[in-house]
Amino acid sequence: MFIVSHPYIVFGIPVFHLPLLVVFYARPHVFNEIFRASLFLSLFALIYEIIGLHVGWWTFPGQYIALVSVLGVDVPVEEFFLWLSMGSLSVLAWYEEIEAE
């Protein structure tokens, strides 16, 4: 049986970081534009995360590297960095890659 102790790290790095490296290597001039837009989108993702945890839409009962307390809820570090920050950055980078063609 294949057991992964920290799936966010194992699956998140290839899914989020590798596309970013490809896009920013090919077109480094788009980094500032994508980064500013991702900060804006990450703010909405954080608000959605906090609301979802407060009303019980989901929980984090598993084992994580560390927890970050944000406005009364505990968010795993992996969730905070990979989904909330890198998620929007990756989506925007892929969009830039597709639209540049």
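How exposed is phenylalanine 40, in terms of its relative accessible area? Phenylalanine 40 has a relative accessible area of 53% and is therefore exposed, where exposed means over 50%, buried under 20% and partly exposed in between, with a 1.4 Å probe and protein chains only. This is a predicted model, in which local features need pLDDT of at least 70 and side-chain atom pairs count only at pLDDT 80 or more, while totals for chains, interfaces and linings use all residues. Residues are numbered from 1 along each chain as its sequence is written, and side-chain values use heavy atoms, with hydrogens and water left out.

The structure holds eight aromatic pairs, a pair being rings of Phe, Tyr and Trp (its six-membered ring) with centres within 6.5 Å, counted as stacked with planes under 30 degrees apart, as edge-to-face over 60 and as tilted for the rest. Two edge-to-face pairs, among them that of phenylalanine 40 and phenylalanine 44, are set out below.

| Pair | Centre to centre | Angle between planes |
|---|---|---|
| Phenylalanine 40 and phenylalanine 44 | 5.0 Å | 80 degrees |
| Phenylalanine 80 and phenylalanine 81 | 5.5 Å | 90 degrees |

Phenylalanine 40 and phenylalanine 44 both lie in helix 2 (residues 31-55), four residues apart, about one turn of the helix; helices are DSSP runs (H or I, at least four residues) numbered from the N terminus. Phenylalanine 44 is partly exposed at 46% relative accessibility, and partly exposed also describes phenylalanine 80, at 25%, and phenylalanine 81, at 48%. Elsewhere, ring pairs join Phe24, Phe31 and Phe35 into a cluster.

How values were computed:
Helix = DSSP H or I, 4+ residues; strand = E, 2+ residues; numbered from the N terminus.
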